[in-house]
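Dear colleague,

I am handing over the structure below, together with a short account of what was found in it. Please keep it open while you read.

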Amino acid sequence: MTENAVLRLRADRLARATRPFLARGNRIRRCQRCLLPLKQCLCATLAPVAARSEFCLVMFDTEPMKPSNTGRLIADILPTTTAFQWSRTAPPQALLDLVASGDYQPVVVFPASYADPGRTVLTTPPLTGKPPLFIMLDGTWTEARKMFRKSPWLDGFPVMSVDLSRVSAYRLREAHAEGQYCTAEVAIALLDLAGDTAAARGLSDHFSLFRERYLAGKPHHSGSITADESESV
């Protein structure tokens, strides 16, 4: 099993759980790495790619354990991706150390309309100087808004707002509103904008295969799921 930051975070979250986590479709026998049904496992297809850009996933509570989560796809393709459990009052010290290290240019990826007046908003990633560190708030749209509003330790960093003009391909958890996209889709766009085209292509291929196999593994597959809010950034 290939290790990555999200798998480690998932293992830690499971170890701390006081009761079983029962995601929708919990009766299906799943690969414990990719969380797809065993017959749809895509672990053998993983092809990591190097990139200048770095990603930091700040994940809400049980998000690492959800089969529909797409943030972990980023860690599949970009092995240096970091992942942390979100906490309003006690963020992990390793996360605070990472964003303060001076090795990167941290930016918080979120729609510009939610940024306070006076906060720096970027529409293209920094292409010179230190590598960008894209901080992704990974959860449902409601959870992502909460993380954005209640993470004062991120307030000093610019907001990176991504405009995806194409229609979202994500139908695992339907978007809450027009203009909201899943974590992997936004990461693909960021890599493209940052000039990491090989990584963007690799993540796009991985996301497409994940979506195809996830939906194929659902009983009575109809091509869309409407019960949950989507993870959005």
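The lining of the largest cavity is formed by N4, V6, L7, R10, R33, C34, L35, P64, R72 and D76. Two elements each give two or more residues to this lining, namely helix 1 (5–16) and helix 2 (71–77). Helix 1 gives the most, with 3 residues. On a 1 Å grid over the protein atoms alone, a cavity is a set of points where a 1.4 Å probe fits but cannot get out, and lining residues have an atom within 4 Å of a point. Rolling a probe the size of a water molecule over the atoms shows where empty space is left.

The model is predicted: local features need pLDDT of at least 70 and side-chain atom pairs count only at pLDDT 80 or more, while totals for chains, interfaces and linings use all residues. Residues are numbered from 1 along each chain as its sequence is written, and side-chain values use heavy atoms, with hydrogens and water left out.

The cavities

By class, the lining of the largest cavity has 5 nonpolar, 1 polar and 4 charged residues. Ala, Val, Leu, Ile, Met, Phe, Trp, Tyr, Cys and Pro count as nonpolar, Asp, Glu, Lys and Arg as charged, and the others, Gly among them, as polar.

The chain as a whole

The chain has 6 helices and 6 strands, in the order α-β-α-β-α-β-β-β-α-β-α-α from the N terminus. Helices (H or I, at least four residues) and strands (E, at least two) are DSSP runs, numbered from the N terminus. Of the 233 residues in the chain, 51% are buried; buried means under 20% relative accessible area, exposed over 50%, and partly exposed in between (1.4 Å probe, protein chains only). Among contacts (heavy atoms within 4.5 Å) between residues at least 6 apart in sequence, 81% join residues at least 24 apart.

Helix 5

Why is helix 5 described as largely enclosed by the rest of the structure? The reason is that 9 of the 11 residues of helix 5 (residues 183–193) are buried. The buried residues include T183, E185 and L191. Their cover includes strand 1 (54–59), helix 2, strand 3, strand 5 (132–138), strand 6 (159–160) and helix 6 (197–216). T183 counts as buried because its relative accessibility is 0%. Its side chain makes a polar contact with the side chain of D138 at 2.8 Å. A polar contact is a pair of N or O atoms within 3.5 Å; within protein, one must be able to donate a hydrogen and the other to accept it, and residues adjacent in sequence count only if both atoms are side-chain atoms. Just after helix 5, G195 takes a positive phi of about 85 degrees.

Two further residues

R119 lies in the loop between strand 3 (105–109) and strand 4 (121–122), and R119 counts as buried because its relative accessibility is 17%. A polar atom of the R119 side chain lies 2.9 Å from the backbone oxygen of F157. Leaving aside residues up to four places away in sequence, R119 touches V108, F148, L154, D155, F157 and V159.

S204, by contrast, is partly exposed, with a relative accessible area of 26%, and is found in helix 6. The C-alpha atoms of S204 and I74 are separated by 9.8 Å, although these residues are 130 apart along the chain.

With kind regards

Terms used:
1 Å grid on protein atoms, 1.4 Å probe; cavity = no way out; pocket = protein on both sides within 12 Å on 5 of 7 lines; lining within 4 Å.
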